[in-house]
Amino acid sequence: MTQPYHEAHGGHISGMIRDSAAGWFLRKITGNRVLQYPEERDPSYFIEKYSVEGVKRREEQARREQQQERSNSTDTLVGQRRSSDENSPTREKQKNSDEQEKGEDYNMVKFEDNDFDDPMNWPTYKKGLTIFLISLLTFGVYGAASQISVAVGYLIQDFGIAPVTAALTLSIYVFGYAVGPMIWAPLSETTIGRNPIYILTLIAYCASQVGVWLAPNIGCLLAMRFITGFFSSPALANGGASIGDVLNAKYRARGIYLWGAGAVAGPTVAPLIAGWGALGTNGWRITMLEVLWLAGGVLIVLIFLLPETSSKAILAQRTKRLRKITGNEKLTCEAIVEQEQTDPKAMIKELLWRPIAISSDIIVLLINLQIAAVYIVLYASFELVPLYLEQSKGFNIGLVGTFFISTAIGVILAIIPYEFYLSFFIFPKYDKHGKIEPEDRLWPSMVGGLLLAASVFWVSFSASRGDSWIVFAFGFVCFGAGAFLLFQGALSYLTDACPVYAASCLASNDLFRSFAGGAAPLFTRQWIEGWSYAAFGGILGGFAAALIPVPFLFWKFGPTLRKRSKYAQG
């Protein structure tokens, strides 16, 4: 009998809609009569395999095969001297056979060979569209952090607040999405899956964004900005995991950099949109309304097209359907078993504490510091750029917002050599060895660290000399390229070096860098006005320069450090 999961139904557009939030709703209101899964369209194969009788037949057949194999193995020993060597091929084969018989559970629902419901087996265009949608979500919510930065002057006028309080509207949003991953990342690893978290939090994000738009005072505005930041965080917390669901280890870096490009594009393109909007209306509220429009549009697209990518959630839902169809309540899957055996209190304590505890590991700590430097520079720029261009060059806020495109240009320029690095260095190593060493991932971060420090010195000393905006912008082009390369190299190394604790490592990094970046707008203006652009750049650039050796140290001593680490894989 043809195995229905081998049909390419999951790759069709109808399959994407079926697996989306809209598909779930349509199936609910029609009693699962539309957008059916294979086991619902033709249950005969599944009843034969997964019903109580079907499971018994497969268990009996497996026992007969094992007995026959054991009998054949015994026959080969006739006439031979009995040996105590447990490593002999025949005994090893028999031992493995016994272990397989003992461990096999025919009530366990798994993906079948070439199963098109397995995200790893999706057609290329479905994987590509999924990565694009995750990047679109990241672009939409990540840009909201900086959207308000070019309109802080209107905030100061409307609420009669100090500049540092106005800057807090940017910081508080970043603090919100620093905390969020501590909750959303663990939840997405359960049978709940990733899609419900993306959709429900985006709905909550849009609702709370209305509160930001209509905030009557600064206290309400700050509270709602924190809440929107909190609900925006699943894109950052789970985006990389969603890409890992659909791409194998060889090609995962390509998907991650495409998603990362969306993450960088958001904060750099948002001021462009916000600047001209605020200039046209002489107010800050239009910038928050623009965020709402964009998020609402993204929400509609995701509701209809974003499929579930978590294999745990997909198999858990399949198990529930098969229980209903076959009447076999003993059917289960690994994710359900794991969840039933986990103590919720112990799991919560472990997941909340481990990202903090793991920060003491030397590998995690140094990478956290280097990525934190990127965030400090990025969010400091949202104070530094308007201060310099408006006061020294007479730019209006529309032109100031447009200026941030220079960072996006740097990212685009860095993508080209990074793609060559993947295609001609990383991929051939995978083809030859089937894997690569974590240290092979470090080359981009070596270049990125140099560009990051150079960009900070360039920008600060260019501003101190009063250079033209073109010279000033060149520093941000370098920053965009350096930040992109540093992120790709450092985080890829971190996840490869600590594969078992990768989720905790990334949660730790997100918490560390977000709090560091969120603090930057609170001191940037004061430092520049109290000292100078050169002094500010000297301190920040010195911090970035001190971290340049990090990837080189890992390249030299990485294997030794991994062997000594409690969390890394030696």
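This is a predicted model: local features need pLDDT of at least 70, side-chain atom pairs count only at pLDDT 80 or more; totals for chains, interfaces and linings use all residues.
Ser445 belongs to helix 23, which spans residues 443-465. Its relative accessibility is 1%, under the 20% limit, and therefore Ser445 counts as buried. One of its contacts, Leu486, is 41 residues away along the chain, yet the C-alpha atoms of Ser445 and Leu486 are separated by 4.0 Å.

A second residue, Thr228, may be described in the same terms. Thr228 lies in helix 13, made up of residues 218-232. With a relative accessible area of 0%, Thr228 is buried. Its contacts, leaving aside neighbours within four places in sequence, are Tyr173, Tyr205, Ser208, Gln209 and Val212. Between Thr228 and Arg513, which are 285 residues apart along the chain, the C-alpha separation is 19 Å.

The two C-alpha separations are set out below.

| Residue pair | Distance along the chain | C-alpha separation |
|---|---|---|
| Ser445 and Leu486 | 41 residues | 4.0 Å |
| Thr228 and Arg513 | 285 residues | 19 Å |

The chain as a whole contains 27 helices and zero strands. Its radius of gyration is 27 Å, close to the 25 Å that the globule rule gives for 570 residues, so the chain is as compact as a globular protein of that length. Along the principal axes, the C-alpha atoms fill a box of roughly 95 × 60 × 40 Å. Of contacts between residues at least 6 apart in sequence, 80% join residues at least 24 apart.

Burial and surface come next. Of the 570 residues, 53% count as buried. The accessible surface comes to about 25200 Å², and carbon and sulfur atoms account for 63% of that surface. The chain carries 50 positive and 48 negative charges, whose mean positions are 2 Å apart.

In soluble globular proteins, nonpolar side chains tend to be buried together. The largest nonpolar core here has 116 residues, and Tyr177, Trp284, Ile367, Tyr379 and Phe472 touch the most other members. Helix 20, residues 362-392, supplies the largest share of this core, with 20 residues.

Terms used:
Residues are numbered from 1 along each chain as its sequence is written. Side-chain values use heavy atoms; hydrogens and water are left out. Helices (H or I, at least four residues) and strands (E, at least two) are DSSP runs, numbered from the N terminus. The radius of gyration is taken over C-alpha atoms; the globule rule is 2.2 Å times the number of residues to the power 0.38. Buried means under 20% relative accessible area, exposed over 50%, partly exposed in between (1.4 Å probe, protein chains only). Contact means heavy atoms within 4.5 Å. Accessible areas come from the Shrake-Rupley method with a 1.4 Å probe; for residues, only the protein chains shown count as cover. Lys and Arg count as positive and Asp and Glu as negative; His and the chain ends are not counted. The place of a charge is taken as NZ of Lys, CZ of Arg, CG of Asp or CD of Glu. A nonpolar core is a set of buried Ala, Val, Leu, Ile, Met, Phe, Trp, Tyr and Cys residues joined through side-chain atoms within 4.5 Å.
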